[in-house]
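Here is a short briefing on the fold, its core and its ring contacts. Keep the sequence and the model side by side as you read.

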Amino acid sequence: MTVPGVTHAEQVVVIGCHYDGEASSTQSANDDGSGCAIELGVAKALATYWRANHLYPARTLRFVIYDAEEQGIYGSFHYVNQTINGDSANII
């Protein structure tokens, strides 16, 4: 999900998490699952606040949920190298 910024729309803040876990891990729900739940909760809380106060963020916010991070940071690597084609100059 992307929320466009109003004063510095070209500046992008990436808020990310990953949902994948290791089958052998007993911590995946605490690390991976809770991180995504928190990210979604933050997005919902911000949206509620912005709507109630007729506000938008100054910078563009991009909420990203990655996969295959535990296996070698493949999701975030793909995001940087395929989705934004390495153009990270505006990611702050």
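β1 and β3 run antiparallel and are joined by two bridges. Strands count as paired when DSSP finds at least two bridges between them. This is a predicted model, in which local features need pLDDT of at least 70, side-chain atom pairs count only at pLDDT 80 or more, and totals for chains, interfaces and linings use all residues. Residues are numbered from 1 along each chain as its sequence is written, and side-chain values use heavy atoms, with hydrogens and water left out.

**Sheet**
- The open sheet has three strands in the order β1-β3-β2, with mixed pairing.
- Its edge strands are β1 (2–3) and β2 (8–18), each of which pairs on one side only.
- Opposite Thr2 stands Arg62 in β3.
- Strands here are DSSP runs (E, at least two residues) and helices are runs of H or I (at least four), both numbered from the N terminus.
- Strands of a sheet pair through backbone hydrogen bonds, either parallel or antiparallel.

**Helix α2**
- α2 lies across β2 and β3 and runs at about 140° to β3. Axes are lines fitted to C-alpha atoms, for helices over the stretch in contact, and angles run from 0 to 180 degrees between N-to-C directions.
- Gly75, Ser76 and Tyr79 are the buried residues of α2. They cover an arc of only 100° around the axis, so they sit on the same side of α2. The arc is taken from the directions from the helix axis to the C-beta atoms.
- Buried means under 20% relative accessible area, exposed over 50%, and partly exposed in between (1.4 Å probe, protein chains only).
- β2 and β3 are among the parts that cover these buried residues.
- After α2 comes Asn85, with a positive phi near 50°.

**Aromatic pair**
- The structure holds one aromatic pair. The rings of Tyr66 and Tyr79 have centres 5.9 Å apart and planes at 75°, so the pair is edge-to-face.
- Rings of Phe, Tyr and Trp (its six-membered ring) pair if their centres lie within 6.5 Å; planes under 30 degrees apart are stacked, over 60 edge-to-face, and the rest tilted.
- Tyr66 is in β3 (59–66) and Tyr79 in α2 (74–83), so the pair ties together parts 13 residues apart in sequence.
- Both Tyr66 and Tyr79 are buried.

**Nonpolar core**
- Val3, Ala43, Trp50, Leu61 and Phe63 make up the largest nonpolar core. Such a core is a set of buried Ala, Val, Leu, Ile, Met, Phe, Trp, Tyr and Cys residues joined through side-chain atoms within 4.5 Å.
- α1 (28–53) and β3 each supply at least two of its residues.
- Beyond its neighbours within four places in sequence, Phe63 is in contact (heavy atoms within 4.5 Å) with Met1, Val3, Ile15, Glu39, Ala43 and Leu46.
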